[in-house]
Amino acid sequence: MKRRLTLHFPREAVHQPITYRLAVDFDIAAKILRAQIAPNQSGTMVVELSGDIDELAAAEAWLESQGLGLNRAPGQIQIDPGACVDCGICSSVCPSGALNVGAPTWQLEFDAQRCLVCEQCIPSCPLNAIALVLDRPELGPVAP
Ligand code: SF4
Ligand code: SF4
């Protein structure tokens with residue numbers, strides 16, 4: 001199964017070979033969807049993990065034991081239909097096929113079931129029609 005996580009790295013954990021350890025120790029493939037980590041600073045990484053469900057649970061526990069903060073599906077993507085002009089730019093950056101513009105309507109269609117909440121579509125929209133609505137607003141937005 002697949003699981004999408006936002007990982008928050010404290011300064012001490014930035015240099016850890018996280019994806020290597022996930023692959024070797026838990027047989028989990030980690031696809032990095034977005035990352036902002038500077039050397040010797042804290043950082044944020046959005047990853048899609050693929051593997052056995054029990055191994056995923058063990059891997060998440062291991063990540064937390066290493067001092068990483070885990071944010072599981074912090075919110076949902078929302079499209080403002082009043083602002084969207086169906087240009088399709090966002091669909092070209094979507095890694096999961098959740099956004100599509102095609103025949104017969106040529107209007108943007110959003111399949112929330114396929115959305116990984118990777119947030120790659122948000123900055124791609126020239127009209128700022130895409131937003132992340134947090135399920136837990138007290139967590140604050142994920143750093144861009
Ligand atoms: S957040 Fe946007 S780019 Fe990422 S999977 Fe969902 S719709 Fe696609
Ligand atoms: S990039 Fe923005 S305006 Fe274009 S289809 Fe996507 S949401 Fe609509």
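Strands β2 and β3 (residues 43-50) are paired in the antiparallel sense through eight bridges, where helices (H or I, at least four residues) and strands (E, at least two) are DSSP runs numbered from the N terminus and pairing requires at least two DSSP bridges between two strands. The structure is a predicted model, in which local features need pLDDT of at least 70 and side-chain atom pairs count only at pLDDT 80 or more, whereas totals for chains, interfaces and linings use all residues. Residues are numbered from 1 along each chain as its sequence is written, and chains are lettered from A and ligands numbered from 1 in the order in which they are written.

Within this pairing, M45 of β3 is the bridge partner of A35. The open sheet comprises four strands in the order β2-β3-β1-β4, with antiparallel pairing. Its edges are formed by β2 (29-37) and β4 (69-72), each of which pairs on one side only.

The protein chain is divided into domain 1 (2-72) and domain 2 (75-139), with bounds from an automatic or database domain assignment. The domain centres, taken over C-alpha atoms, are separated by 25 Å. Six residues of domain 1 are in contact with seven residues of domain 2, contact being defined by C-beta atoms, placed from the backbone, within 7 Å. On the side of domain 1 that touches domain 2, β2 and β3 each supply at least two residues.

Ligand 1 is surrounded by 14 residues, of which C94, A98, C115, C118 and C121 are the closest; a residue is near when its C-beta atom, placed from the backbone, lies within 6 Å.

Notes:
Two residues are in contact if their C-beta atoms, placed from the backbone, lie within 7 Å.
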